[in-house]
Amino acid sequence: SVAAIVAANHLPNANLIRVGQILIIPTAGTTPTTPPPTTPPPTTPPPTTTPVRYTVQSGDTLYRIALRYGTSVAAIVAANHLPNANLIRVGQILIIPQ
């Protein structure tokens, strides 16, 4: 139960845990005697990537572009807010999500 996890880990706030925090999960009939070690939150920010911009060429399809860049048609459609995945124009600049 939540109460058992809170008690086993001596959590001051049942609604607050950190990413990477190690928790003891008690099982029936066990009573933990020491709290788990605390792990500080990561200090390194996630890597930033510069968006790739691609200019649509004659004969391109979103499927071919997605294959070329190792992404999906759905990801390209979402990144560019395209209303129709079957309609792109020569010269159109697309953001290719990485």
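The model shown is predicted, so local features need pLDDT of at least 70 and side-chain atom pairs count only at pLDDT 80 or more, while totals for chains, interfaces and linings use all residues. Residues are numbered from 1 along each chain as its sequence is written, and side-chain values use heavy atoms, with hydrogens and water left out.

**View 1. The aromatic pair of Tyr54 and Tyr69.**
One aromatic pair is present in the structure. The ring centres of Tyr54 and Tyr69 are 5.9 Å apart and the planes stand at 65°, so the pair is edge-to-face. Because Tyr54 belongs to strand E1 and Tyr69 to helix H2, the pair ties together parts that are 15 residues apart in sequence. Rings of Phe, Tyr and Trp (its six-membered ring) pair if their centres lie within 6.5 Å; planes under 30 degrees apart count as stacked, over 60 as edge-to-face and the rest as tilted. Tyr69 has a relative accessible area of 29% and is therefore partly exposed, whereas Tyr54, at 10%, is buried. Helices (H or I, at least four residues) and strands (E, at least two) are DSSP runs, numbered from the N terminus.

**View 2. The two sides of helix H2.**
Helix H2 spans residues 62-69, and its buried residues are Leu62, Ile65 and Ala66. These residues cover an arc of only 100° around the axis, which means that they lie on the same side of H2. The arc is taken from the directions that lead from the helix axis to the C-beta atoms. Strand E1 (52-55), H3 and strand E2 (93-96) are the elements against which the buried residues of H2 pack. On the face turned away from the buried side are the exposed residues Tyr63, Arg64 and Leu67. After H2 comes Gly70, with a positive phi near 70°.

**View 3. The salt bridge of Asp60 and Arg68.**
The structure holds one salt bridge, a term for a side-chain nitrogen of Lys or Arg within 4 Å of a carboxyl oxygen of Asp or Glu. Its partners are Asp60 and Arg68, whose closest N and O atoms are 3.8 Å apart. Asp60 is buried, with a relative accessible area of 15%. Arg68 counts as partly exposed at 47%.

**View 4. Strands E1 and E2.**
E1 and E2 run antiparallel and are joined by four bridges; two strands pair if DSSP finds at least two bridges between them. Tyr54 stands opposite Leu94 in E2. Leu94 and Ile96 form the covered face of E2, and Ile93 and Ile95 the uncovered one. From C-alpha to C-alpha, Ile95 and Tyr54 are 6.4 Å apart in space, although 41 residues separate them in sequence.

Asn80 is part of helix H3 (residues 73-80) and is buried, at 17% relative accessibility. The side chain of Asn80 reaches the backbone nitrogen of Ile95 at 2.8 Å, and a polar atom of that side chain lies 2.8 Å from the backbone oxygen of Ile76. Leaving aside neighbours within four places in sequence, Asn80 is in contact (heavy atoms within 4.5 Å) with Ile93, Leu94 and Ile95. Ile95 is partly exposed at 28% relative accessibility. Beyond neighbours within four places in sequence, the contacts of Ile95 include Val52, Ile76 and Asn80.

How values were computed. Buried means under 20% relative accessible area, exposed over 50%, partly exposed in between (1.4 Å probe, protein chains only). A polar contact is a pair of N or O atoms within 3.5 Å; within protein, one must be able to donate a hydrogen and the other to accept it, and residues adjacent in sequence count only if both atoms are side-chain atoms.
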